[in-house]
Amino acid sequence: MQIVKKMLLSLLVALAMTVSFNVSAAEKTIKPAEAIEIALAKVQVVIDAVKAGSSVDDVNKLIRDAMDATGEIYSNYKTDKARDTAIIHLRAIRTKVKEGKTAEVEEALQNALKEIDNLKSII
């Protein structure tokens, strides 16, 4: 009886490990080019919101969404470094938004848009 319990427990552990690997693999099924396009669209939404004069909280939420979308870009170590740099710049833009530097925010967002668009050439 103990042997049967050990075998069933081993089988259960093996199945649990297999399921967790499949879930983590399914999370990264979005292609890098698609992820870049989504991130570009989200940054463009932020630019439009800044031009429209949206509130600081709304703009910061949109920037956070853009950072999350940018974080979904996976391809290789070169894109990871460039992606992380773009996220750092977006984080810095949030500080400028809080300080009310609208002109600098628009320019920095345009630069962030270019950085994310340049990821296409790295893929």
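Tutor: What follows takes each label, sets a value against its definition, and concludes. This is a predicted model, so local features need pLDDT of at least 70, side-chain atom pairs count only at pLDDT 80 or more, and totals for chains, interfaces and linings use all residues. Residues are numbered from 1 along each chain as its sequence is written, and side-chain values use heavy atoms, with hydrogens and water left out.

Student: What makes residues 32-52 helix α2?

Tutor: Helices are DSSP runs of H or I with at least four residues, numbered from the N terminus. Helix α2 has 21 residues.

Student: How do you know that the reach of α2 is close to the expected one?

Tutor: The expected span is 1.5 Å times one less than the number of residues. For α2 that expectation is 30 Å, and the helix reaches 30 Å from first C-alpha to last. Helix α4, residues 77-99, has 23 residues and reaches 34 Å, close to the expected 33 Å.

Student: Why is T70 called buried?

Tutor: Buried means under 20% relative accessible area, exposed means over 50%, and partly exposed lies in between (1.4 Å probe, protein chains only). T70 has 0%, so T70 is buried. T70 lies in helix α3. The T70 side chain reaches the backbone oxygen of A66 at 2.8 Å.

Student: Which residues does T70 contact beyond its neighbours within four places in sequence?

Tutor: Contact means heavy atoms within 4.5 Å. On that test, T70 is in contact with A39, R83, A86, I87, L90 and I116.

Student: Are N60 and D57 buried or exposed?

Tutor: N60 has a relative accessible area of 7%, so N60 is buried. D57 stands at 54%, so D57 counts as exposed. Helix α3 holds N60, and D57 is also in helix α3. Leaving out residues up to four places away in sequence, N60 touches R94, V97 and K98.

Student: Why does V59 count as buried?

Tutor: V59 has 3% relative accessibility, so V59 counts as buried. Not counting residues up to four places away in sequence, V59 touches V46, A49, V50, S54 and V97. V59 and R94 are 35 residues apart in sequence and 8.2 Å apart in space, C-alpha to C-alpha.

Student: What makes a set of residues a nonpolar core?

Tutor: The members are buried Ala, Val, Leu, Ile, Met, Phe, Trp, Tyr and Cys residues, joined through side-chain atoms within 4.5 Å. The largest such core here has 27 residues, and those with the most contacts inside it are I63, L90, I93, L109 and I116. Helices α2, α3, α4 and α5 each give two or more residues to this core. The largest share, nine residues, comes from α2. L90 contacts I63, A66, M67, T70, L109 and A112, leaving aside its neighbours within four places in sequence.

Student: How do you know that α3 and α4 are roughly antiparallel?

Tutor: Axes are lines fitted to C-alpha atoms, for helices over the stretch in contact, and angles run from 0 to 180 degrees between N-to-C directions. Angles under 35 degrees count as roughly parallel, over 145 as roughly antiparallel, 65 to 115 as roughly perpendicular and the rest as oblique. α3 and α4 pack at about 175°, with axes 10 Å apart. The two helices are therefore roughly antiparallel.

Student: What is the angle between α2 and α5, and what is it called?

Tutor: The axes of α2 and α5 cross at roughly 170° and come within 10 Å. So α2 is roughly antiparallel to α5. Among the residues that meet there are I36, L40 and V43 in α2, and V105, L109 and I116 in α5.

Key
Polar contact = N/O pair within 3.5 Å; in protein donor to acceptor, adjacent residues only side chain to side chain.
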